Amino acid sequence: MTLRLSMLVPCVLAAVCVLLPAPAQADDAEQLTGREIAQRMRDADTSADGERVATMLIERGSQQLVRELAMRHKKYGHDERTLIRFIEPADVRDTQYLSWTYEAVDQDDDMWVFFPTENLVRRISGGGKKGSFMRSDFANEDIEQRAVDDDEHTLLETSTLDGRDVYVIESQPIPAKARDSNYAKRRLWVDAERWLPLRIEYYDRRDRLLKRMSQGGIEEIDGIWTATKIIMETPRRGSRTLMQYTDVRYDLGLPDGAFEQTALKR
Amino acid sequence: MTEHTPAPGIARLTETLVRFRWLSLAFVAAVTAAAASQLPKLEIDNSNESFFMTGDSTKARLDAFNDTFGNDDFVFVLIEVEDAFAPATLARLDELAERLELEVPHVLEVTWVGNVEWIEGVPGGIVIEDLIPDLGLPASELDALGAKAAADPLYRDRLVSADRETVGILMEFENYPEIGIDPRKDGPPVIQAILADFDDLDMHVVGGPIMDYVMDMSTADEAPRWASIALLGMVLALALTTRSVAGVLVPAATVILSVLWAVGLVAALGFRLNLLAILVPTLLLCVGIGDSMHVLAELRQIRREGTPLRRALARTLDLVTKPILLTTVTTAAGFLAFLATDLRPLRELGVQAAVGVVIALVMTYLFAVPVLSFGRDRETADGSVRKQDIFDRLLRGIVDFVNRRHTAVGVGFLLAVLLVGLGIPRLQIETNTIRAMEEDHPLRVAFEYVDDSMGGSMSIELVVDSGAPDGIKRIDLLRKVEALQAFLEDHPLITQTSSVIDQLKQMHRAVYENRPDAYRLPESDGQVAEYLLLYESGGGSQLDQYVAFTYDQLRVQARTRNVAFGEVRELQEEIERFVASEFGPDVTIYATGTVPMAQAMGDLIAEGQARSFAFAFCAIAAILIIALRSVRLGLIAMVPNVLPVVVALGAMGWLGAEFNMIMCVLAPMILGVAVDDTVHFFVRYRRYFDDTGSYEAAYRETMRTVGRPLLFTTVVLVAGFAGFRFSTFDGPKDFSVASTIAFSSALLAEFLLVPVLLRWLKPMGSAASAPAEAATAT
């Protein structure tokens, strides 16, 4: 089991789906398989590194929580290192998570947490993948970068959504991964030009709609198409979370040292 | 005796009823058909919450709790095994858990040792993983994991017993959608069906939805049984006492039709039935039969005197209309007294029964009188005096005895009432539904199994409200909550507690590499916030259950065994004292959950009993005073109604019965029903006193004419209430015994005590001047 605290980081990645250099043509669309579409989504982010500030507004009934995080990432081939520093709430300011995630399905991710009050770093291993991400509507697994072959992908149809051409695909976890997921399947509406998922619906094993995610505020930043607003709703609980990205920057030449555990205490 | 000429109004009424009898019967048939068509709409609801009125503070607290910490409903399946962590057992349990998760409606989460998380400190780090990463691990590894789980306070006696011979599968539910009739009822039948497929496992099932489901099933099962047995008893009693086909069929048909109308109306108005409301049909069978019995008894008596049928009918109605109108009003008032309570089922029962009583009166005129008008006049040709039977001889013997030994009878009666009444303080209020079940009832067995093997089946939920967002992250407050938890765990009634304190201690220990001495609260507010963040980021599946969304409230759950009401009260008071002394005014703590709900119900029962009795007493006394046109007479008339309440409750106290919600129905109902005898007795007594001017003669004549119907209606009532004895719950059984005692003592009070009181107190003046005074008064 891999630790999915590392998903803190992939918040970035999930939201930062990037346009491929060559947009899909209508006649290409019919030739792509579900897996190829998933692969194009995965490959869309062409940046070497980046940073951003994420603000989460979590609403449940009339109550609200606000979370603010500063996030950095750097790619090492298909692997990636990410650093998250908490800004809000104030009582956990400067708490940091560092994670190294690996594409190889048989390699566990590495993760460290820094507690500023005790000036303590601890390595964390293990799960929590299905758990809620910081009490929001996102589960940890929603915001992780899923390996393409963790799921079987089926192209359902080509369609349009909000005036955009989309592929509608259905992704079901392979049997070996089913135990680690809340979902029996996800249905994705993938922008056929920018390779961003514009909408994702999450279904449980009883084929009940659990949650619905919509991405918006799509901007081209440093040449990369980026969704800056994500709304995740849980209709049965009457709650929703708005994730907003600001100060998004790519290809900053971040030093390797910023992603070492020794950097956490600095 | 003077033969009264029917009042003009009564004569016209009789004539109209007889002339349009076919029309009247057709109308009854049509309404009955309409009522019957409504019966399939009847719904049953036995949830504890259904007992509380909208806006009730107890229910409001539970709603607030559910809003903050999620639906508190759960179903717990306990399985007796040789070793919960044996590979074959785990595999079988996994199949069961899987099916429960996949098939049971509204399930939010199914938790068992096969899917729980494990947090552990290791040198330099923290491991967060599934307790059993793979169910296919070798037996020795599973055994080691079992030892770990059974030793951990987070799982021991929650999901697995310390000896690993009992393992639990916990189902928690989402907040039910506001669709369908009652989504809460969707799960239990599916659960039962799934468990039936696992009959190789020795299982017990507990939890609110299951309890309500079983209660609903019992309710649906018992109501027709009670009513059938009541009807059978009444028919037998009618046959024994009237010895005529008409004497059985007319009252029985009248009351059955009345009950059909009443239940049809209840269904049409959308009321739900519960264990209390299903008393209504049987209650109505019993109390509704009196009107037609009195009509029939009077008619037969008058016809034996040779009076032609229609004239006899008119005379009968002239004699009985006023008393049965009065008895209807007083009985309805007795039932409406339940409106003075704050318990919803009791209020509904009051309204439904009152409406039913009025329907029984209407049915007597629309159905019984038209049917009786079909009799043939030749039957009266003999003009004979009925042969005296055992009942006549009994009644005459009573009259002779009372007239001869009135002082001894009066004093003896009052002393006996006093002695029996001394049992009242022995009655203990009890609202624990499980304890009211028969000892071998599967649900009771299951609850007691949980008590014995898994640390308690009931819970008290304490919500600590800091009053500010993030307030519960303050270490000073958490230390007080830790002290509260320690206090609770020391209490003999509480088996275990849980709160976010446990998670914080667990995280602290994990951060400090699993050192046992690190199993304690962190030192500072900052550490608390960071550990909570780590917990919530690492999955933190239980956080929502123990900490409010905005961190302003936390929940402490204390589990108890299946405790009695009295113990609950003491426990709650002790907690309140501790909270008052340890927590400052800026922190609010309230209690909810099954235990406080049961206690609140008990308080409502106690208050409701007192208020409804007072209300019924005042209403019925006022009606009697107005009807009898004498304050003294009205108050004397209350004596034979109040004494049966004292006798019944006292006797139940001596018999060791518990005072539950059904018994709460008792006192106002006795008042409302016993007063029927009084009304018939006093109205007739007054009439004969006006005629004779003699208390003794009036008593003798009253007993001669209404003594029989009063005796018979009481026999029929008691026979009808016997239906409640065939229940699987203590409440209806005790109710049956108490009713029998009450109605019997009411009749005895009427026959023995009332004539003595009237003779002693002379409320209608002295015997010589009485006729003149009475004439003036009326």
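## Confidence in chain A

What is the mean pLDDT of chain A, and what share of its residues reach 70 or more? This is a predicted model, and for chain A the mean comes out at 83, with 86% of residues at 70 or more.

Strand β9 (residues 185–191) of chain A has the highest mean pLDDT, 96, while helix α1 (residues 10–15) of chain A has the lowest, 41. Over residues 1–29 of chain A the pLDDT is below 50, though this stretch still has 111 contacts in the model beyond near neighbours in sequence.

## A four-stranded sheet in chain B

Over in chain B there's an open sheet of four strands, ordered β11-β12-β10-β13 with antiparallel pairing. Strands β11 (494–498) and β13 (588–592) of chain B sit at the edges, each pairing on one side only. On average, neighbouring strands of this sheet are turned by 20° against each other, direction ignored.

Strand β10 (residues 458–465) of chain B is joined to antiparallel β13(B) by five bridges, and B:Val464 stands opposite B:Ile589 in β13(B). Helix α15 (residues 475–490) of chain B packs on the sheet, touching β10, β11 and β12 (553–560) of chain B. The direction of α15 makes about 160° with that of β11(B).

## A:Asp204 in its loop

Back in chain A, A:Asp204 is found in the loop between β10 (197–203) and β11 (209–221) of chain A. With a relative accessible area of 8%, under the 20% cut-off, A:Asp204 counts as buried.

The side chain of A:Asp204 reaches the backbone nitrogen of A:Arg206 at 2.8 Å, and a polar contact of 2.8 Å links it to the side chain of A:Arg208. Leaving aside residues up to four places away in sequence, A:Asp204 touches A:Asn182, A:Ala184, A:Leu210 and A:Arg236.

Notes: Residues are numbered from 1 along each chain as its sequence is written. Chains are lettered from A and ligands numbered from 1 in the order in which they are written. This is a predicted model: local features need pLDDT of at least 70, side-chain atom pairs count only at pLDDT 80 or more; totals for chains, interfaces and linings use all residues. Side-chain values use heavy atoms; hydrogens and water are left out. pLDDT is the predictor's confidence in each residue, from 0 to 100. Helices (H or I, at least four residues) and strands (E, at least two) are DSSP runs, numbered from the N terminus. Contact means heavy atoms within 4.5 Å. Two strands pair if DSSP finds at least two bridges between them. Axes are lines fitted to C-alpha atoms, for helices over the stretch in contact, and angles run from 0 to 180 degrees between N-to-C directions. Buried means under 20% relative accessible area, exposed over 50%, partly exposed in between (1.4 Å probe, protein chains only). A polar contact is a pair of N or O atoms within 3.5 Å; within protein, one must be able to donate a hydrogen and the other to accept it, and residues adjacent in sequence count only if both atoms are side-chain atoms.
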